[in-house]
Each structure stands twice: as C-alpha cells, then as structure tokens.
Amino acid sequence: MNDSIPSLGQFMEPLPVTFTLGAPGWYVLTVLLVLCVSVLIVWRWVHFRKNRYRREALKRIDAEQQKLLPEAEYGNFIYFVNMLMKQINMLHYGRKKVASLQGKQWIDHLNSCCKKPIFNTQDETLLTALYLSGNIEQQTQIEAFADKARQWIKNHRYVTRNRS
C-alpha cells in the first residue's frame, strides 16, 4: 500500500523572513506618524497663542488684587475686574452688542458665554452697588466675584464672526 504513493523526499522549509525597517510599509507609517505629530504640535501652538489674552487677564487680576485689596480699595478692584471682562467681551462679541450691557443684562450675557452659569444675583447687586454708591465693604463677596471672573475668563466661549 505504501508502494503506490510516490515519495517526495524531504520537505524543504523556506528561509526565515528577516525583520527589516527597509520595507515600504515602514516608510509610509513613519511619514504618517511624523505628519500626525506635526499637526498636533501646530494645533497646540495655535491654541496656546489664541488663549494668550486669558493668561494675561488672569495675571492682571492677580496683580490688581495684590495691589488694591490690602489698601481696602474694594470698589476700584471690582471696577477693574468688571472692565476687564467688558474689554474681553467687546473683543469677541463686538462693541455694539456689549458696551451698553449693565445690571441683569450684563450678568445674563456673561452667563450665556459659558456652559454653566457662573454669576448670580449677588454679583448683579455688587455691580449695581458699585455704580450707585461706589462704596463696597464686603471683602469676601469681592473675592468671590474675582474668583468667578477668573473662572469666566478661563472657560468662556466666544464667537469671532459677526462682531459689528
């Protein structure tokens, strides 16, 4: 029975395939990887540059807080923080839309620029008191307002089109 099956002899195994980075697939993968990393670096740089005003505004608030609060110039500090937020808003939403806002409309506009409302009626009362009497004595409320302003500066969204 074994005589009817011809013998093929010994099987020859192929040579092992060597690993080499010279294959064209590695070149394509390297180019894609370099391209992705380059796009990521450029995107982060643009994002960093675009948000420079946020970092500068936060530094200015800290500097004014160290300068004005120890001297009990609470009204001047609140005025500075409010005007800084007005400037940022006018830059991104346009002077016509933002310059005339005050009181509840101003607080509503600030809250509409964030995912979650930050400011409340106490902040509206604080700003109203600033403009009506100019005399503000509650340092804890002032520091809370400054913290909310910092949070708003860090997290607000903006639209750069139709700024007229």
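**Exercise 1. Surroundings of Phe 145**

Task: In this predicted model, determine which residues Phe 145 is in contact with, leaving aside its neighbours within four places in sequence, and examine the largest nonpolar core.

Solution. 
1. With neighbours within four places in sequence left aside, Phe 145 is in contact with Ile 78, Val 81, Met 85, Phe 119, Asp 123, Leu 126 and Leu 127.
2. The largest nonpolar core holds 34 residues, and Phe 145 is among those that touch the most other members, together with Phe 77, Val 81, Met 85, Phe 119, Trp 152 and Ile 153.
3. At least two residues of this core are supplied by each of H2, H3, helix H5 (103-112), helix H6 (121-132) and H7.
4. H3 provides the largest share of the core, namely nine residues.

**Exercise 2. Packing of H2 and H3**

Task: Describe how helix H2 (residues 52-68) and helix H3 (residues 74-93) pack, and classify the residues of their contact.

Solution. 
1. A pair of packed helices is described by the angle between the axes and by the distance between them.
2. For H2 and H3 the angle is about 170° and the axes are 10 Å apart.
3. Angles over 145 degrees count as roughly antiparallel; H2 and H3 are therefore roughly antiparallel to each other.
4. On the H2 side, the contact involves Tyr 53, Ala 57, Arg 60, Ile 61, Glu 64, Gln 65 and Leu 68. On the H3 side, Asn 76, Phe 77, Phe 80, Val 81, Leu 84, Gln 87, Ile 88 and His 92 take part.
5. Nine of the residues in this contact are nonpolar, four are polar and two are charged.

**Exercise 3. The chain as a whole**

Task: Summarise the secondary structure of the chain and the share of buried residues.

Solution. 
1. The chain has seven helices and zero strands.
2. Buried residues account for 32% of its 164 residues.
3. Of the contacts between residues at least 6 apart in sequence, 62% join residues at least 24 apart.

Terms used: Residues are numbered from 1 along each chain as its sequence is written. This is a predicted model: local features need pLDDT of at least 70, side-chain atom pairs count only at pLDDT 80 or more; totals for chains, interfaces and linings use all residues. Side-chain values use heavy atoms; hydrogens and water are left out. Axes are lines fitted to C-alpha atoms, for helices over the stretch in contact, and angles run from 0 to 180 degrees between N-to-C directions. Helices (H or I, at least four residues) and strands (E, at least two) are DSSP runs, numbered from the N terminus. Angles under 35 degrees count as roughly parallel, over 145 as roughly antiparallel, 65 to 115 as roughly perpendicular and the rest as oblique. Contact means heavy atoms within 4.5 Å. Ala, Val, Leu, Ile, Met, Phe, Trp, Tyr, Cys and Pro count as nonpolar, Asp, Glu, Lys and Arg as charged, and the others, Gly among them, as polar. A nonpolar core is a set of buried Ala, Val, Leu, Ile, Met, Phe, Trp, Tyr and Cys residues joined through side-chain atoms within 4.5 Å. Buried means under 20% relative accessible area, exposed over 50%, partly exposed in between (1.4 Å probe, protein chains only).
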